[in-house]
Amino acid sequence: MSRIGKAPIAITAGVTITVSADNVVTVKGPKGELQQAVDRDIIIEQEEGQLLVKRPSDQKRHKALHGLYRSLINNMVVGVTEGYTIRQELVGVGYRATNTGNTLDLVLGYSHHYVFELPQEIKVTTTADKGKNPTIILESNDKQLIGQVAAKIRSLRTPEPYKGKGIKFVGEVLRRKAGKSASKK
């Protein structure tokens, strides 16, 4: 059995999980509601405050889907109870980030600003403390969506290996390269 797939999903207080006839899992909690369509072969059962994800056979396809859907449903449960937060910092002279509502305005050293409209499910805040790099803070209950948006923001100016300039995740360790050495005469 899959180590991830056979682990039960704990259903905390305040969370309700419903499975429709066409295998669509709906998770409702204090931070919102999420839905995920599950393959029709995967079996989902609720027992005594926990959710079990089972596979019908040991086919390669069923093994692959078993752990996947267990992880997706667990991420939904965590999302509606605690939520997810991603912090990114802008490293570089003159790099700035401001937001008005769900619109993110980025100055990244190009000749133009990047105006990035975020989905309604994501809450964005920006900070610019003196002496520190500007920071973008993304909050949402959907792990897939927040990860996709954070990756898109990072791709606007990926960190370069020589000076480390660009948009990076807070706590991310970049592999740095040595610059050119002085020529010998």
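Biologist: Happy to look at this with you! How far apart do the C-alpha centres of domain 1 and domain 2 lie?

Modeller: This is a predicted model, where local features need pLDDT of at least 70, side-chain atom pairs count only at pLDDT 80 or more, and totals for chains, interfaces and linings use all residues. Residues are numbered from 1 along each chain as its sequence is written, and side-chain values use heavy atoms, leaving out hydrogens and water. Domain 1 covers 4-82 and domain 2 covers 84-169, with bounds from an automatic or database domain assignment. The separation of their C-alpha centres is 31 Å.

Biologist: Thanks! How much area do domain 1 and domain 2 bury between them?

Modeller: The contact (heavy atoms within 4.5 Å) takes 11 residues from domain 1 and five residues from domain 2. Buried area is the accessible area (1.4 Å probe) that two parts lose on being put together, summed over both. Carbon and sulfur atoms hold 45% of it here, and the total is about 540 Å².

Biologist: Which residues in domain 1 lose the most area to domain 2?

Modeller: Three residues together account for 59% of what the domain 1 side buries; they are Leu34, Asn75 and Gly79.
In the interface, the rule finds two residue pairs in polar contact, both at pLDDT 80 or more; such a contact is a pair of N or O atoms within 3.5 Å, where within protein one must be able to donate a hydrogen and the other to accept it, and residues adjacent in sequence count only if both atoms are side-chain atoms. To come back to your question, the names are Leu34, Asn75 and Gly79.

Biologist: Nice. How many salt bridges does the rule find across the interface of domain 1 and domain 2?

Modeller: A salt bridge is a side-chain nitrogen of Lys or Arg within 4 Å of a carboxyl oxygen of Asp or Glu. A search of the whole structure finds eight. Across the interface of the two domains, the number is zero.

Biologist: Which residue does Asp41 meet in a salt bridge at 2.4 Å, N to O?

Modeller: Asp41 lies in the loop between S4 and strand S5 (43-47) and its partner is in helix H2, so the pair ties together parts that are 20 residues apart in sequence. Helices (H or I, at least four residues) and strands (E, at least two) are DSSP runs, numbered from the N terminus. Asp41 is partly exposed at 21% relative accessible area, a class between buried (under 20%) and exposed (over 50%), with a 1.4 Å probe and protein chains only. The partner is Arg61.
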